[in-house]
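Open the structure in your viewer and have the selection tool ready. We will go stop by stop.

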Amino acid sequence: MNKVEILERYSQAVPLLNQVFGSLEDRFKRLIAKNGLKLHSLDGRVKALASLEHKISRPDRNYSNIYEITDLIAFRMITYSEDLIEDVAGLIEKTFDVDYDDSANKLRSEDQQKFGYRSLHYVCSLPKDVLGLHPEIDGRFKFEIQIRTILQHAWAEIEHDIGYKTADELPGLFRRRFSQIASLLEVADREFASLRMEIKAYSERLRAAEVEDWGPVDLDKFSLRNLIEREEVKRLDQRVAQVLNLPQSEELFFPDYILRSLQAAGLSKIRPAMDEIVASESRLESFVKAYFEFAQAHWNFSESAVESVRRGYSLLFVSHLAVLSRDTLLIDKLNRITQFYRDVDYPDEPEKAKAAGRDLISRLKTNKLIEG
């Protein structure tokens, strides 16, 4: 088959290939969702006619059949770090019929100049269910999957923009700088992978530790998630759900907001936060009722606006109780809750923070939850 015949055959096949591409893309999306893969992106394309023409015009390429060209449909899966590539690759190998003779692992190249061209490259046959949807496609048809990190992808894009594939193509004046940048990105890629593993190990150590060992541990996003898994917090979440007559949800309640609330309440470490959680249990029900009376009057926000009680929601009320329990004098309580609202909700609107603090104190007085 000559060049003209290949291009004519391909032009006729493009509408069908677009349909096949859509079926494969749906398959990938379901696969990613089902297995909880955390990817930066999934991209794909059907090869442009001009790109195919350039490919088959190269003197080092000779094709006798259009189905010998394996990148007519191609996907690129971008991970956040190199250690995640193996998870993605394992799933590809389990899911698709891989042509290992044509596939290649270019991740282990020692050539610093080829950092941007490192990737795990699979050539796969079409799955039977996709062939079943498109019986007119030739069973010999194959497609490609490339897996690489976001830094490897970024460097490849920069190289493409500069117009040089390797440092050897550059004038000698620039080769050293070119290689140095590639080396820095490679180190960064490895450090990100190492950091992910260390964070995971840190989280697992927290999960396994007893509460008594949590004293010096700072309250952050990682320790907060472990705190929310404690039975004491689950019990408070259940109490809040009962008070509001709402179902519970497995979804976390805005960790950033909860963390900001706890820290604004002076609970910057795990153990003091845990002590406050235990101390709040007996006061929680009456406070939640009074809080929603205040929220309805001040923000026009009622419990009916809350669809479910997410995990960790009770810590919002623990934060309030921690602030309000610090002082005896009403004036001090008002100052503290005002500062709390300013830190959490109104950093640039002190008057709104003051109004919210004043209205909450008033509501708590009406419900005889504080004296003054």
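Predicted model: local features only at pLDDT ≥ 70, side-chain atom pairs only at ≥ 80, totals over all residues.

Residues are numbered from 1 along each chain as its sequence is written, and side-chain values use heavy atoms, with hydrogens and water left out.

**Stop 1.** Select Gln146. It sits in strand β5, residues 142–149 (strands, E, at least two residues, and helices, H or I, at least four, are DSSP runs numbered from the N terminus). Gln146 is buried, at 16% relative accessible area (buried is under 20%, exposed over 50%, partly exposed in between; 1.4 Å probe, protein chains only). Now show what Gln146 touches: Phe75, Arg76, Met77, Ser119 and Leu120, leaving aside residues up to four places away in sequence (contact means heavy atoms within 4.5 Å).

**Stop 2.** Select Asp83 and Arg196. They form a salt bridge, with the closest N and O atoms 2.3 Å apart (a side-chain nitrogen of Lys or Arg within 4 Å of a carboxyl oxygen of Asp or Glu). Asp83 is in the loop between β2 (73–79) and α3 (85–95), and Arg196 is in helix α6 (residues 172–208), so the pair ties together parts 113 residues apart in sequence. Asp83 is partly exposed, at 24%. Arg196 is partly exposed too, at 35%.

**Stop 3.** Select Glu229 and Lys234. Their side chains meet in a salt bridge of 3.8 Å, N to O.

**Last view.** How many salt bridges does a search of the whole structure find? It finds 24.
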